[in-house]
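Hi,

Here is the structure I promised to pass on.

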Amino acid sequence: MLKYELKKIFLKPSNRIMLLLLLIITLAGSFLAIRDVKYYREGQSPLSGPLAAKHLKEKQNKWKGPVTEDVLKRVIKEKRKINSSKEPEDTKFARSQGFQDITGLISVAFSEPGEYDYYLCNSISPEKASRLYERRISRLKKEITKIEQGLEGSFSQKERAFLLRQYNNLETPLYYEYSEGWKALLDSQYLPTLMIITTVIIAFFVSGIFSDEFRTKADSIFFSSVFGRNKAILSKIKAGFLTITIIYWAAMLLFSAIILGLLGTDGAGCMIQINFSNWTCMYNITYFQDWLLSLSGGYIGNLFILTLAMLVSAKSRSAVIAITIPFALSCVPMFLGRIPVLKDIVTFFPDMLLRINKFIGDFVFFEAFGQVYGIYSLLFPLYLLLFLAILPILYHVYNKMAVTPSGK
């Protein structure tokens, strides 16, 4: 029965077209992510993609190792040396690519909260730059003070303590090496966009699992068969679960394999804070852990959203209505979050699990049993439990379905 249900899903012409579309989108997304990696050459057009990655790796790994106070001082001195030359600006930039990530950390760390001064490294002293990690803590305190003044909301005392504890738990000095593959994969908008598209496309596969018998007027045959109200329903549920799992992981792993295969997996053990865009992140994790977290969260989000769509399909007997559920839960909250009064509520929506790599730097908390946790400590178990709770409901709803009278 399971094999039969899977055949119905994957042999349907419209689903084959959607599968081809997803493949094209996955390949296009990986190509765009790889293309965004640039290597600038003196007096020549920049390189992009794997060739650019090769040159960047050679340059950046000259600075490979712990980013200590001495390294920070050397970076500033080298930056000053390059800036003091009379070479064109593009040549100066090309020569500083090997330590550009480290100057980015210094710039974001010593800029005021909410600001970023790209040229700060041109004027900061080596001694001041060497206090990078101290500045990370003091900058957080400044930001908390700014928020406490009512400019951007407020933190409770427990939330302030939680943030400071997370910041102090970051092991320093940070380790630096070439990691463009992970940056292209995790620090762009392509991964969460692909997750949302994948969710919507899988909806076309699973939305008809529980409504096709009613659409084709075969429900009376289905429910009157020997196993129509037990094993056949379980086969539909299993087919839906396998479809979600197979398509989601195929798309995500293909996307990851192409990018990391062409740009390299170097830097998997680097903390994500080594990239200036994640400098203020409160989660002390490596790039590899970020990847695992993002893909696992996306999978749990898909399981909940798409199983809910199957429940709606079973209850409404309509694939069209069911398809709207994934769109509503994965796309609409992005726009609702722009409404101030809804901002806090939207952070509990399942779409947050589809965009972990983009939201991981945000200060979003929840409090339970007198302790403060990051929002993902709640969303992971919450939507996994909700997914498991929907399964028996789905079985019960479809099992109790009345047969459509012939000819209606």
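**The hairpin**

F365 has G374 in β6 as its bridge partner. It's a predicted model, so local features need pLDDT of at least 70 and side-chain atom pairs count only at pLDDT 80 or more, while totals for chains, interfaces and linings use all residues. Residues are numbered from 1 along each chain as its sequence is written, and side-chain values use heavy atoms, with hydrogens and water left out.

Back to the strands: β5 (residues 365-368) and β6 (residues 371-374) run antiparallel and are joined by four bridges. Strands here are DSSP runs of E, at least two residues, and helices are runs of H or I, at least four residues, both numbered from the N terminus. Two strands pair if DSSP finds at least two bridges between them.

β5 and β6 make a hairpin with two residues between them. One to look at in the turn is F369, with a positive phi of about 55° although F369 is not a glycine. F369 is also exposed, at a relative accessible area of 85% (exposed is over 50%, buried under 20%, partly exposed in between, with a 1.4 Å probe and protein chains only).

**Helix packing**

Two packed helices are described by the angle between their axes and the distance between the axes. Axes are lines fitted to C-alpha atoms, for helices over the stretch in contact, and angles run from 0 to 180 degrees between N-to-C directions.

- α2 (residues 13-35) and α14 (residues 231-263) have axes that come within 9 Å and cross at roughly 25°. They are therefore roughly parallel (under 35 degrees; over 145 is roughly antiparallel, 65 to 115 roughly perpendicular, the rest oblique). The residues in contact (heavy atoms within 4.5 Å) include L19, L22 and L23 of α2 and I247, A251 and L254 of α14. They divide into 14 nonpolar, three polar and no charged (Ala, Val, Leu, Ile, Met, Phe, Trp, Tyr, Cys and Pro count as nonpolar, Asp, Glu, Lys and Arg as charged, and the others, Gly among them, as polar).
- α15 (residues 287-316) and α16 (residues 319-330) pack at about 150°, with their axes 8 Å apart. That makes α15 roughly antiparallel to α16. Among the residues making the contact are F304, I305 and L306 of α15 and I321, A322 and P326 of α16.

**A cis peptide**

T172 and P173 are joined by a cis peptide bond, with omega about 5°. P173 sits in the loop between α9 (157-168) and β4 (175-176).

Cheers
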